[in-house]
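Please find below a short note on the structure, arranged as numbered points.

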Amino acid sequence: MNNEHMFDSETESYDVDVQDDVTSSSDDSFAEIKSRYEGDQGLTDVDVDAIADLAVSYLRSLLSYFGEENVSVDEYDGDDGELILDISGGDLAVLIGRHGRTLDALQMIVSSYLSNRLHFHYPIIVDIEGYKTRRKDKLVSLAKTAANRACKLQQDVCMAPMNAYERRIVHLALVDDGNVSTHSEGKEPQRRVIVTYMRS
């Protein structure tokens with residue numbers, strides 16, 4: 001099976017043609033994983049390892065098109081049960097891109113591939129040397145600053161445009177703040193979070 005993707009960064013376009021030989025045994029294995037994931041059993045450690053191996057293998061095949069064949073890919077569970085793949089080593093700045101947009105595109109490709117192979121959506125985050133972790137900490141700080149400003153001014157505060165992943169971080173950062181509420185407005189790529197002061 002051929003999976004073709006056009007990968008666009010700010011400076012170049014990459015035609016990615018990854019050969020993927022799907023065997024009946026692997027299909028059966030993924031079908032069993034899907035059944036457990038969608039049922040009440042939950043995934044076993046072996047299931048999670050199989051998903052991680054599939055994602056890492058495909059991610060490495062993508063990285064090879066950038067000449068990054070000797071990087072390390074660390075895998076671990078996120079706070080919300082998502083699979084995090086953190087790439088390190090090599091010259092990876094081009095893969096982050098302006099405001100992390102190239103990294104977001106890389107994550108979308110890996111996530112789409114994984115969903116197609118598993119036949120269900122399994123949450124995955126592709127990171128580079130902790131970029132998204134640092135970005136998450138910054139977004140949480142920005143969210144709290146916006147909330148404080150909304151309370152002080154007693155009016156809505158509009159945050160900068162963000163992608164869906166970043167907006168979710170902001171919403172979650174303020175979900176337990178009884179003084180404000182949040183919602184998103186606008187169309188991509190200008191969609192942004194609005195922090196609203198909740199009057200007593």
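1. The term pLDDT denotes the predictor's confidence in each residue, on a scale from 0 to 100. It is needed here since this is a predicted model. Over residues 1–14 the pLDDT stays under 50, and the model has 40 contacts beyond four places in sequence for this stretch. Residues 17–25 likewise have pLDDT under 50, with 20 such contacts beyond four places in sequence. For the chain as a whole, the average pLDDT is 86, and 86% of the residues score at least 70.

2. The overall composition may be stated next. The chain contains six helices and eight strands, and their order along the sequence is β-β-α-α-β-β-α-α-β-α-β-α-β-β. Of its 200 residues, 38% count as buried. The exposed surface comes to about 11,500 Å², of which carbon and sulfur atoms supply 46%. Among contacts between residues at least 6 apart in sequence, 56% join residues at least 24 apart.

3. S4 and S5 pair in the parallel sense over five bridges, and Ile 87 stands opposite Ile 128 in S5.

4. Which residues have the most contacts inside the largest nonpolar core? They are Ile 51, Leu 59, Leu 83, Leu 85, Ile 87, Leu 114 and Leu 118, in a core of 32 residues. Elements that give two or more residues to this core include helix H2 (45–64), strand S4 (83–88) and helix H4 (101–118). The largest share, nine residues, comes from H2. Leu 118 itself touches Phe 30, Lys 34, Ile 51 and Leu 54, leaving aside residues up to four places away in sequence. Apart from this core lies another, of 15 residues, among them Leu 139, Ala 143, Leu 174 and Val 180.

5. Is Ile 125 buried or exposed? Ile 125 belongs to strand S5 (residues 124–128). Its relative accessible area is 9%, and buried means under 20%, so Ile 125 is buried. Leaving aside residues up to four places away in sequence, Ile 125 touches Glu 82, Leu 83, Ile 84, Leu 85, Gln 107, Lys 132 and Tyr 165. The C-alpha atoms of Ile 125 and Asp 104 are separated by 9.0 Å, the two residues being 21 apart along the chain.

6. Another open sheet has three strands in the order S6-S8-S7, with antiparallel pairing. Strand S6 (157–158) and strand S7 (180–185) stand at its edges, each with a single partner strand, so one side of each has no neighbour in the sheet. S7 pairs with strand S8 (residues 192–197) over six bridges in the antiparallel sense; the bridge partner of Ser 184 in S8 is Val 193.

7. Helices also accompany this sheet. Helix H5 (residues 131–153) packs on the sheet and touches S6, S7 and S8, its direction making about 40 degrees with that of S8. Helix H6 (residues 164–174) lies across S7 and S8 and runs at about 165 degrees to S7.

Methods. Residues are numbered from 1 along each chain as its sequence is written. This is a predicted model: local features need pLDDT of at least 70, side-chain atom pairs count only at pLDDT 80 or more; totals for chains, interfaces and linings use all residues. Side-chain values use heavy atoms; hydrogens and water are left out. Helices (H or I, at least four residues) and strands (E, at least two) are DSSP runs, numbered from the N terminus. Buried means under 20% relative accessible area, exposed over 50%, partly exposed in between (1.4 Å probe, protein chains only). Contact means heavy atoms within 4.5 Å. Accessible areas come from the Shrake-Rupley method with a 1.4 Å probe; for residues, only the protein chains shown count as cover. A nonpolar core is a set of buried Ala, Val, Leu, Ile, Met, Phe, Trp, Tyr and Cys residues joined through side-chain atoms within 4.5 Å. Two strands pair if DSSP finds at least two bridges between them. Axes are lines fitted to C-alpha atoms, for helices over the stretch in contact, and angles run from 0 to 180 degrees between N-to-C directions.
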